[in-house]
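Dear colleague,

My notes on two of its regions follow.

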Amino acid sequence: YTRLKESAGTPELVDIRKNPKALRHLQAHGFNPDAGMVVRLGNVYYSGSEALHILACLSTSSGLFNRINKILFSSKPAARFCYPVLRAGRNLTLAMLDRASIQPPPPSPAMNQYAIFAFIYGILGIIHSLYASVILQPAIFSTFTFFFSLFLVMNPLSKRWFILLVCAQCADAWLHAPIGSNHAILHNFLLLGILCSGIWHGLKGSGREAFYQDFAPLGRSLLLMMYFYGIFHKINTGFINPDTSCATTLMQLMPLPGLLVDTVWFRYLGIGATFLIEGLVILCLVVRRWSHTGITIGLLFHYMLATSIYAYYPVFSTLSFALHSLFLSGETLPRFRQTPLGKSIFNLDNRQKWHFLAAIWIILQSLALWSQNSVLPVVLWSIVALPFMYVVITCGKPRELPEKTYRLHSRLWLVNLLILLAFLNGMMPYTGIKTRQSLNMFANLRLEGGESNHLIMRGSLHRDGYLNDLVKITRTSPSVLQLYLDDDLYIVYYELLGLMERDHSLVVSFVRDGKTYEQQSYDTLRADADAMLHSRWIRKWLHFTPVDLRTPKPCALDR
């Protein structure tokens, strides 16, 4: 500012947040004040990188900062390259301060959709962080996730808490990888899409509506893929067998169907209903006029799944709720605001009452998880899930079909690439590259040992792949490998080498290709590990399920 004053006269700095007249003047000349700075020199206006360039040209070269500034920005290409980064830094700073836009966009259906998604996404963060802290190994990022999620639920339109939550979840996902659960791979792809869209629109200076519209297609596509592979992987001899089908196993673990599951006809009914329900949801979500029906069926289906006592499935079901919300009509939130429940929630005078109830719920949920009770945590989760389902079912149906349907592809090529990679990830079991993290949910699928029980993918696509190299554990030092020994399961040799590379204290005896290996450690298997294992960041995506070679293949639920 001082050097510019010496060379070009005293510049006038205008804070348009405090000067409505100047703001209206810029808007009248077609400038978006949220997209970057504007410089007026005489009667000529310069904006963005051009403004940066003209200031650098006007400034003197005295002083280290000015010399650097002049070298960088006196070149138009350099200014065009650097300015988006500077603008992204400004936007991130404003977001962390939770400052509103200078020129707030008018209310739109997309932002109503975003608010609902952000709310249920915050609920997901709370439930997952509680589960991770109480049941799984506590981690510092789980604590961050909890508080950021809680603040996001209180204010779903806050940029600050959404950004901090996504950052904490990305760090947590990286540190905990590889994770074998299907909901983790869905969530990780969603996080990547949010990051790509956020970075792009931060550099571009776009608003939150554009950001949402470019990552939402990934979430919608992930949901459709989840249902597609939920059907495709189940087309095998093990799943359609009523004695071994995972549909039978799941129904036995649910309160209501479990009373009837001992009858053969009901088992066949459950198997057929699984294909019918998941296929119907896909059809309804793709056909816009039936989308509300698809959302309703999907929410009811995942609510029923969450009642299973085998494990704590509300985390997965809440993630599916968040993905279903991306298909909602933009009318849902305004209509809900007009209901008695909506008026009570959005009434500022009632905020303390709702915060108190939320605190009580969090305490009870933590105690229920800590007690390892199989029913109470689901009951407490239902206190949140059922009202959300009620709102969606009663307020989510649009009065009229919009002219444009929601998009299943993004305007960003990188997000579209993630959609393609997510689909290919689901096909990985048939190529022999991996069997976990591939949306292979309760499917009785077997592709290991050179045999396939899939009714369509009968031929092997991985003649020399990892899945043909199996190991039978005969003795092991205390470790996760005890599972394979206790349940008479095989392990993919690549997986065994990866586990031993991470824990050099493991000592294992096993049978491979008919040959017995006694008291093997990482040092004795180092040659195989060096020849076969990829770097750790690649192995975070390569994970294999325990192998059960019995025929027909029994159900093996996620552990």
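The expected span of a helix is taken as 1.5 Å times one less than its number of residues. Please bear in mind that the model is a predicted one.

By that standard, helix α17 (residues 351–370) can be described first. Its 20 residues reach 29 Å from the first C-alpha to the last, close to the 28 Å expected. The buried residues of α17 are Trp361, Ile362, Gln365, Ala368 and Leu369. They lie on the same side of α17, because they cover an arc of only 130° around the axis. In general, an α-helix has 3.6 residues a turn, so residues three or four places apart point the same way.

What covers this buried side of α17? Among the elements that do so are α6 (109–134), α7 (140–154) and α18 (376–395). On the other side of α17, Gln352, Phe356 and Trp370 are exposed. After the helix comes Gln372, which has a positive phi, near 60°.

Which helix gives the most to the nonpolar patch? It is helix α19 (residues 413–426), with seven residues. Leu414 counts as partly exposed because its relative accessibility is 36%, and partly exposed refers to values between the 20% limit for buried and the 50% limit for exposed.

Yours sincerely

Definitions and conventions
Residues numbered from 1 in each chain as written. Predicted model: local features only at pLDDT ≥ 70, side-chain atom pairs only at ≥ 80, totals over all residues. Heavy atoms only, no water. Helix = DSSP H or I, 4+ residues; strand = E, 2+ residues; numbered from the N terminus. Buried < 20%, exposed > 50% of the residue type's maximum accessible area, 1.4 Å probe, protein only. Arc of directions from axis to C-beta. Contact = heavy atoms within 4.5 Å.
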